[in-house]
Amino acid sequence: MTKTHTACLFLLLPLCAAAQKKKNGPQDVIKVPLQAEHWSFQPGTVEFITYKSVPAMKLLNRSDTVVSKQLDFANGTIEYDVLATSPFSSFYFRRISSKENECFYFRIPSSGKGDAVQYAPTLDAINMWDMLPQYQTAAWINKDDWNHVKLVISGRQMRVYVNDTGKPALEVPYLEGNTWHGGIAFDGQAIIANVVVKPDQTEGLPPGEGTDITNNDPSYLRTWQITQPMTTPEKIDFSKAWIPGKDAPWETIRAERRGLVNVTRKFGSAENRARRIVWLKTNIRSTVAQTRQVQLGFSDEVWVFVNDKPLYTDKNLYGYPILKQPDGRCSVENASFALPLVAGNNEVLIGLANDFYGWGIMAKLDKFENMTFDK
């Protein structure tokens with residue numbers, strides 16, 4: 001990480017800064033003006049009003065984003081009040097564009113449930129909500145009054161408070177986005193008020209990434225070889241002709257946190273959300289013949305071969321009865337099956353297809369015993 005990354009980058013246009021900064025010593029509190037000239041938005045999608053006696057922005061369309069023209073934020077505390085009138089209400093920070101940003105959002109109908117709020121980065125226009133179920137949790141959301149949101153952001157970590165400022169509703173040990181600084185934005189039908197930014201005020205939250213306890217587990221398959229993606233023909237589910245030949249080019253891809261092989265980060269979004277397939281392979285060297293149980297997380301479709309023999313096929317399609325637990329998200333809970341290994345080298349080959357949000361796999365054996373993996 002460079003000095004630029006660890007320093008707070010927070011800039012305002014001079015006139016805005018002079019008008020809005022409240023002098024509190026070396027660190028200033030900035031009340032972000034809720035006036036049309038300070039925000040970028042499509043005509044007819046935002047109204048600037050007084051609501052409950054305070055200046056506010058009323059977002060009229062769920063999909064239209066209102067973006068601050070003047071903020072460049074990296075680290076600090078951001079607070080705002082929101083009254084949502086649609087199922088989703090999102091806040092974006094470190095936003096370089098609609099394709100690259102960090103995002104925190106409400107699922108209003110899920111108030112009191114385990115997925116009421118979620119953090120998810122946007123990588124090359126793909127929101128990674130389905131790949132990161134560990135970053136969603138319960139919260140109780142007022143549907144007829146303000147909800148106070150406070151985000152404390154420091155380097156790679158974030159704490160989010162919803163209504164109760166004494167206890168975080170969500171703690172993120174590793175912000176997964178590609179950006180280190182950028183603008184702020186809102187979307188979803190909602191009324192937004194009292195937007196306040198405290199640059200560099202991180203309440204003692206360390207900037208380095210938090211612990212990933214899966215690092216202590218040697219049973220994850222973390223190093224794979226991967227092909228370039230291929231767009232699949234329409235109306236063809238699978239063909240053995242797609243299996244790479246002996247001369248096919250491969251390159252190395254390594255798992256990220258929680259053992260996730262993040263294909264989205266590597267290959268980004270497909271044009272027109274086309275269905276694509278990649279192939280991943282790894283080698284397990286076993287000193288004895290043995291059968292191990294493998295837990296496989298995947299999004300969205302897999303075809304698994306071991307030593308050139310078909311072993312397992314499945315789909316994890318959100319919104320369809322075939323979705324896997326937990327609720328169509330990618331997790332090692334998705335699937336489990338027996339993996340027969342011979343003494344010596346064992347090639348595990350996986351075809352992975354996707355056309356819906358995040359793309360990747362994670363694989364974990366029940367035991368790490370009498371074997372070694374690719375490193």
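Start with residues 1-26. There, pLDDT, the predictor's confidence in each residue from 0 to 100, stays under 50. The model has 45 contacts for residues 1-26 beyond four places in sequence; contact means heavy atoms within 4.5 Å. Over the chain, mean pLDDT is 92, and 93% of residues reach 70 or more.

Some ground rules. This is a predicted model, where local features need pLDDT of at least 70 and side-chain atom pairs count only at pLDDT 80 or more, while totals for chains, interfaces and linings use all residues. Numbering runs from 1 along each chain as its sequence is written, and side-chain values use heavy atoms, with hydrogens and water left out.

Now the cores. A nonpolar core is a set of buried Ala, Val, Leu, Ile, Met, Phe, Trp, Tyr and Cys residues joined through side-chain atoms within 4.5 Å. Buried means under 20% relative accessible area, with a 1.4 Å probe and protein chains only. The largest core has 50 residues. Y80, F104, F106, L151 and F186 touch the most other members. Another core lies apart from it, with 30 residues, including W224 and F373.

Next, Q118. Which strand holds Q118? Q118 sits in β10, residues 117-123; strands are DSSP runs of E, at least two residues, numbered from the N terminus. Q118 counts as buried because its relative accessibility is 0%. What does its side chain pair with? The R107 side chain makes a polar contact with that of Q118 at 2.7 Å. Here that is a pair of N or O atoms within 3.5 Å, one able to donate a hydrogen and the other to accept it; residues adjacent in sequence count only if both atoms are side-chain atoms. The backbone oxygen of W129 is 2.9 Å from a polar atom of the Q118 side chain.

Key:
Helix = DSSP H or I, 4+ residues; strand = E, 2+ residues; numbered from the N terminus.
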